[in-house]
Amino acid sequence: EIQQIVRETFHLVLKRDDNICNFLEGGSLIGGSDYKLIYRHYATLYFVFCVDSSESELGILDLIQVFVETLDKCFENVCELDLIFHMDKVHYILQEVVMGGMVLETNMNEIVAQIEAQNRLEKSEGGLSAAPARAVSAVKNINLPEIPRNINIGDLNIKVPNLSQFV
Amino acid sequence: MPAVSKGDGMRGLAVFISDIRNCKSKEAEIKRINKELANIRSKFKGDKALDGYSKKKYVCKLLFIFLLGHDIDFGHMEAVNLLSSNRYTEKQIGYLFISVLVNSNSELIRLINNAIKNDLASRNPTFMGLALHCIANVGSREMAEAFAGEVPKILVAGDTMDSVKQSAALCLLRLYRTSPDLVPMGDWTSRVVHLLNDQHLGVVTAATSLITTLAQKNPEEFKTSVSLAVSRLSRIVTSASTDLQDYTYYFVPAPWLSVKLLRLLQCYPPPDPAVRGRLTECLETILNKAQEPPKSKKVQHSNAKNAVLFEAISLIIHHDSEPNLLVRACNQLGQFLQHRETNLRYLALESMCTLASSEFSHEAVKTHIDTVINALKTERDVSVRQRAVDLLYAMCDRSNAQQIVAEMLSYLETADYSIREEIVLKVAILAEKYAVDYAWYVDTILNLIRIAGDYVSEEVWYRVIQIVINRDDVQGYAAKTVFEALQAPACHENLVKVGGYILGEFGNLIAGDPRSSPLVQFNLLHSKFHLCSVPTRALLLSTYIKFVNLFPEVKTTIQDVLRSDSQLKNADVELQQRAVEYLRLSTVASTDILATVLEEMPPFPERESSILAKLKKKKGPSTVTDLEDTKRERSVDVNGGPEPVPASTSAASTPSPSADLLGLGAAPAAPAGPPPSSGGGLLVDVFSDSASAVAPLAPGSEDNFARFVCKNNGVLFENQLLQIGLKSEFRQNLGRMFIFYGNKTSTQFLNFTPALICPDDLQSHLNLQTKPVDPTVDGGAQVQQVVNIECVSDFTEAPVLNIQFRYGGTFQNVSVQLPITLNKFFQPTEMSSQDFFQRWKQLSNPQQEVQNIFKAKHPMDTEITKAKIIGFGSALLEEVDPNPANFVGAGIIHTKTTQIGCLLRLEPNLQAQMYRLTLRTSKETVSQRLCELLSQQF
């Protein structure tokens, strides 16, 4: 069911030009006229939030910007592959911004600080798991040329399950 | 340094992900996934206890598989085990898994709740944060039951860290949204309000979200938040952009918090004068800033700035008390309407929609009509066009209705399929609401059916029929117009339905014209018959039997059609049954019986427009209701109109075929009425069964009274509780009236006592006899009362029907005038021109003549006028008056003591829209009264 929503949302958003508005009334797909899809398009990625009328539309557009800038800071020049291979991390970052569907923190420095704190904890625990670092970056390089279109879907998959709770 | 070090992931996971990515086909991917699932399953089931790292890795893989869109039905237990790990990373992935793959297994939930409880009590802020996140993400009722008491304590505890406070506030908000009943209000509420003063802006933002939601339900409890919010807002708005450091976003100070605070203030009316002054300053500053040159070219800067601006405008609209601010807001939005950013145009249209309903700014909004119409024509984005339609709808009033309806109609021809139905509903509502001229209304609706027939829902065409039936002045025009519209070689089935129904009722009004003679009308309708669906055919059959009554000359033609095999042996049981019954009815029944059974439909009770109800359903209640409340000025007479006719589905089960005709028979979804007790009772039963809708105030009983002067049947009175229907017949000086009292509620009426009251001097003129009715009226039931009437001598006043009953604990008292009028005892008299003028001259005594010159209240339509004179009771004499435009009538009023001859003459003056009515009778009081009664009708 979630997959269905993701897929339809993706198709709705994909066919929209860049110069039309970023708000979309999803209707029955996302639970009625009180809900809107608000999205931003970055290169090959779409970030889609589903929000109810208690949120400011422009505010959410900015929130997406904050989220993306945060990802960029955390991953250093974020790209799709970071999001795919580190979907757990993406979730942690998202959780610092949005919690149970509600905006938690909008101050980027604060968010980054939280993530760094998590990281330090992880480091202190993770003597064992440091090894595979090289392997991952190798895989990443191999795959780079063929960034397929369905990466978008992959990305949306990561985001929407959490955000559909944006009630 | 990047905050996420890419290296310390899990190797097995990375390999698995790249495997998946290398899969060439969907099948290969599924194969790889199944292999992995099998592997994980065996690992989980294996004897060897897995270490934390492996568990974490496998859980993470399951999560990835789930996010790819595959079902995961195991692993929950392993994830729950991770929750109790002391290692942060393991705990973290466990919580993530639980949050994403919520499972309602109760045993599992008990374990999860246990783990959460431990973490909340741990005093470790990181663990507390994870636990709070999980509660908020799952947000289930079970979670609320377990933690709704605990979270508020954490929120207001003095030693809680800021980040935990933030999470606790939102967590509580989430629980309150899912299960408000489980979140206890208490001491903590006042302390939460003071979080608005917190140093940490993140905490303030989260607290504001929480308070906003709580305040909507418990405004008293959080009243003190208003002044705190205003001062906080004021500090932000007036701060230099660097003051708030991290919370300044692209040169805009704390935009999110500003938005939240402005939202919170929208839960309350304008504050006390002192606070209000400060708030007004804030709002003015925000409006001023909008005019300043941007501090950055980046879109983020303007987004953030405008987010605050739009929210400020919402607050101004919400307060709706400062005309100055409202007009400024409107001007600002006007600028945005032309902005090159689509997002801003969209939002401006949306905000303006609410602005249109304020009396202070309604006029200002209307000045933008051309821009909005232009948006409708040129915007490339359907969402924006949709907003433009909404705004046009909201800004519509009597002054611009014709323009707006015309624009919407022309847009409809090219409109996106997704919004056509809604536009159709809107056009239908506006056309009805602002119709000054009902001919325009009928034209508009027929156009609507022509342009977008498929999107015209049943409500719309039911409605046009209801209005035509309730408005005598438009019936002739409607008949003529549908007749013409039906000439088109291809017309929409909905048009056939409307046409069939209207001609069946009012075809007689145009039958005088040889181009639309009865036979022509019939042939026209029947030429469409075979192209129509079963419900429409059923409706047409009803039209035919009505024709048999209206036009005896086509009776045999219609009987032939009914008799044909394609009807009598039709495979559809409904059609076959109608054909059989109608054929039989037309053969057996005398003209009198036919005329009674097939009588013109009585007016529909005034109710909320069913179209409006439908639009509300489509758009959610809030949007439409606001509009309605503020635009109450409009004609209550049309606006609070009737519900659709519920069709009685089968003629077989009803004792009288008239029931079948009342129902359109074309509305399969309509609810079946309660089993009728008698043919007569049914008339009203049919109306009362959809009474679940809350009826608006019943129209003044005087209006209704006037309607009954020329008619005998219909609904006399209706409010939320009670409906009174009438059916009456008169012969010479005697009459009988059936009064139907319908209990519209589901509760019993007790001590139900209707009483007939004749004012003193009326008693000697009019003799009324009735029996008391049962003092208990069950919910949804109807009782009937018969009144026998004798007219002793001529009279002026009308008897009053007073009804008293107890409903719930309260005493109800309703009084209405009973439409027993002198003209009911008319007997028509046919006479030649010569006779007429001879008698006219005999009655030349000045006391015998009464004349009234008055302005036409309804469009002057010859056919309708004729129908009314006949309904009044006198004979309509053709070719008597030398001026063919004039109407003359003659009849005798029967009373027990005497008979009074009456002559009348009605001279319309089309140019002046005036009438002159002259009555001559042998008795002054009779002339006087008849003239009064008839004058009200035109």
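# Report on chains A and B

Gln466(B) lies in helix H25 (residues 458-470) of chain B. The model described here is predicted. With a relative accessibility of 0%, Gln466(B) counts as buried. Its side chain makes a polar contact with the side chain of Arg463(B), at 3.1 Å.

Leaving aside neighbours within four places in sequence, Gly453(B) is in contact with Leu448(B), His492(B) and Asn494(B). The C-alpha atoms of Gly453(B) and Cys491(B) are 8.8 Å apart in space, while the two residues are 38 apart in sequence.

## Chain totals

Chain A contains seven helices and five strands. Along the sequence, these elements of chain A follow the pattern α-β-β-β-α-α-α-β-β-α-α-α. Of the 167 residues in chain A, 61% are buried. Among contacts in chain A with a separation of 6 or more, 53% are between residues 24 or more positions apart.

Chain B has 43 helices and 16 strands. Buried residues account for 58% of its 938 residues. For contacts in chain B with a separation of 6 or more, the share from residues 24 or more positions apart is 69%.

## Helix pairs in chain B

| Helix pair | Angle | Axis separation |
|---|---|---|
| H4(B) (residues 76-83) and H5(B) (residues 88-100) | about 140° | 7 Å |
| H27(B) (residues 493-506) and H28(B) (residues 518-529) | about 150° | 11 Å |

How are H4(B) and H5(B) oriented to each other? At an angle of about 140°, H4(B) is oblique to H5(B). The crossing in which H4(B) passes H5(B) is left-handed. On the H4(B) side, the contact involves His76(B), Ala79(B), Val80(B), Leu82(B) and Leu83(B). These meet Glu90(B), Lys91(B), Ile93(B), Gly94(B), Tyr95(B), Phe97(B) and Ile98(B) of H5(B). Sorted by class, the contact of H4(B) with H5(B) comprises eight nonpolar, two polar and two charged residues.

For H27(B) and H28(B), the angle is about 150°, and the two helices are therefore roughly antiparallel to each other. The crossing of H27(B) and H28(B) is left-handed. H27(B) contributes Val496(B), Gly499(B), Gly500(B) and Leu503(B) to the contact, and H28(B) contributes Gln521(B), Leu525(B) and Lys528(B). By class, this contact of H27(B) with H28(B) has three nonpolar, three polar and one charged residues.

## A covered helix

How many of the eleven residues of helix H14 (residues 255-265) of chain B are buried? Eleven of its eleven residues are buried, and the helix is described as mostly covered. The buried residues of H14(B) include Trp256(B), Ser258(B), Lys260(B) and Arg263(B). Also on that list are Pro255(B), Leu257(B), Val259(B), Leu261(B), Leu262(B), Leu264(B) and Leu265(B).

## Backbone angles with positive phi

Most residues other than glycine have a negative phi. Two glutamates are listed here with a positive value.

Glu76(A) is not a glycine, yet it has a positive phi of about 55°. Glu76(A) is found in the loop between helix H2 (57-75) and helix H3 (80-85) of chain A. Its relative accessibility is 45%, so Glu76(A) counts as partly exposed.

Glu879(B) also is not a glycine and has a positive phi of about 55°. The loop that holds Glu879(B) runs between strand E13 (875-877) and strand E14 (887-894) of chain B. Is Glu879(B) buried or exposed? Glu879(B) has a relative accessible area of 76% and is therefore exposed.

Methods
Residues are numbered from 1 along each chain as its sequence is written. Chains are lettered from A and ligands numbered from 1 in the order in which they are written. This is a predicted model: local features need pLDDT of at least 70, side-chain atom pairs count only at pLDDT 80 or more; totals for chains, interfaces and linings use all residues. Side-chain values use heavy atoms; hydrogens and water are left out. Axes are lines fitted to C-alpha atoms, for helices over the stretch in contact, and angles run from 0 to 180 degrees between N-to-C directions. Helices (H or I, at least four residues) and strands (E, at least two) are DSSP runs, numbered from the N terminus. Angles under 35 degrees count as roughly parallel, over 145 as roughly antiparallel, 65 to 115 as roughly perpendicular and the rest as oblique. A crossing is left-handed if the near helix is turned anticlockwise from the far one by less than a right angle, and right-handed if clockwise. Contact means heavy atoms within 4.5 Å. Ala, Val, Leu, Ile, Met, Phe, Trp, Tyr, Cys and Pro count as nonpolar, Asp, Glu, Lys and Arg as charged, and the others, Gly among them, as polar. Buried means under 20% relative accessible area, exposed over 50%, partly exposed in between (1.4 Å probe, protein chains only). A polar contact is a pair of N or O atoms within 3.5 Å; within protein, one must be able to donate a hydrogen and the other to accept it, and residues adjacent in sequence count only if both atoms are side-chain atoms.
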